[in-house]
Amino acid sequence: MSSSNSKVVDIHTHMYPPAYVELLESRTTIPLIRRFAGAKDPRYIILPAEAEALEKITSAGGDAAAAATGANLPGRPIMTHYSSLAQKLHFMDTHGIDISVISLANPWLDFVAPEVAGETAKAINSAFSAMCLEAPAGRLFFFATLPLTAPPETLLASIGHIRGLPACRGVILGTTGLGKGLDDAALVPVFRALAANKLMIFLHPHYGLPQEVWGPRATTDYGHVLPLALGFPMETTIAVARMYLSGVFDAVPDLRMLLAHSGGTLPFLAGRIESCIVHDGHLVREGRVGPARRTIWQVLREQVYLDAVIYNEVGLKAAVDASGVDRLMFGTDHPFFPPLTSDEQGEWESMTWNKQAVVKALGADSEGARKVMGGNAVEVLRLYEEE
């Protein structure tokens, strides 16, 4: 373990509790987990293109035919890293991570029927709480999951439940909210309840951009590169821009958000967003571009934090310039992006590339690097408190 002033904290790291895996295995439409004959691990099928590939395999002769012909199976393999507490701790120990703030990965509970969403969320969040208590003291905290498809009173009640879980430090949230996006006025009471309870929102993408954006060759020739590398960051950027334009940050000034993947493209495009706002005749005529308006740069430095899951010092420098070194937090995105040509029990590039980016951007032993690698997370997320 590192000394108290140099903790390494991973705030972007996911798990699927066994109950969630069972839920996905029971489904016949995405998201779902499917087992194939002859395959070592079950496959997590989450994207529309993967569902199309599954349909083709099934119509061509089912699981056995797919395994026998060596066809590429859709989705990603669900290794033990996804749901095993022992594996999470092993990953942390292997990479010198002192504390992890774990969270359910996308698509969370967005697909759960309204009548069972509240109880499903309670069970999943209780499972995360139990894992944190089972781990050595102080090593695991978590971001909870909200039952966004539930009735409003159930949704607000769930915030009270997670606030009482000692290791909970916030919630992980997708970009669709209640179905209309995060600029939906109906979400403001939820945002206010989260802010009042000092629960950070960890905003994470899932839905990306429409499939047709990627062209006809994407599914067969380009793997998952386009939707993951480009669709996810743009999804985050658009969601936060909509929140800003609708006035959410001014309506809930105590709201705090942590944006996945270093804020998508916000560090690069905030200036362009500002220019478009200032030069938009509609906004000017409505009096929304006056001297009292907070710029998007101000919001980035006052209410927004960014993770450091960017894999390169060029992007990390832009994130630091946009929000400030005090607002960046290290992450790995484990268990996604596992090594493909080496032992998954060993070193992962998701750790080494992101750590190298911090070192190259800020200096190996600098105060800035210590803040990004863990100091900021400890302070902002209160990872030293027993609550």
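## A walk through the predicted model

Histidine 261 is buried, with a relative accessible area of 12%; buried means under 20% relative accessible area and exposed means over 50%, with partly exposed in between (1.4 Å probe, protein chains only). This is a predicted model, in which local features need pLDDT of at least 70, side-chain atom pairs count only at pLDDT 80 or more, and totals for chains, interfaces and linings use all residues. Residues are numbered from 1 along each chain as its sequence is written, and side-chain values use heavy atoms, leaving out hydrogens and water.

Let's stay with histidine 261 for a moment. Its phi is positive, about 55°, although it is not a glycine. You will find histidine 261 in the loop between strand E9 (257-259) and H11. Helices (H or I, at least four residues) and strands (E, at least two) are DSSP runs, numbered from the N terminus. Arginine 382, in the segment after helix H16 (367-380), also has a positive phi, near 55°, in a residue other than glycine.

Next, follow H11 (residues 266-278) to its meeting with helix H9 (residues 225-246): their axes come within 11 Å and cross at roughly 35°. Here axes are lines fitted to C-alpha atoms, for helices over the stretch in contact, and angles run from 0 to 180 degrees between N-to-C directions. Thr237, Val240, Ala241, Tyr244 and Leu245 in H9 touch Leu266, Ile273, Glu274 and Ile277 in H11, where contact means heavy atoms within 4.5 Å.

Now look at helix H2 (residues 48-59). Its twelve residues reach 17 Å from the first C-alpha to the last, close to the 16 Å expected at 1.5 Å a residue; the expected span is 1.5 Å times one less than the number of residues. Which residues of H2 are buried? They are Ala49, Glu50, Leu54 and Ile57. These residues cover an arc of only 145° around the axis, which puts them on the same side of H2; the arc is that of the directions from the helix axis to the C-beta atoms. On the other side of H2, Glu55, Lys56 and Ser59 are exposed. An α-helix has 3.6 residues a turn, so residues three or four places apart point the same way.

At 0% relative accessibility, serine 103 counts as buried. Leaving aside neighbours within four places in sequence, serine 103 is in contact with residues including Thr13, Phe128 and Phe202. In the loop between E5 and helix H5 (114-134) sits proline 107, and the peptide bond from asparagine 106 to proline 107 is cis, with omega near 10°.
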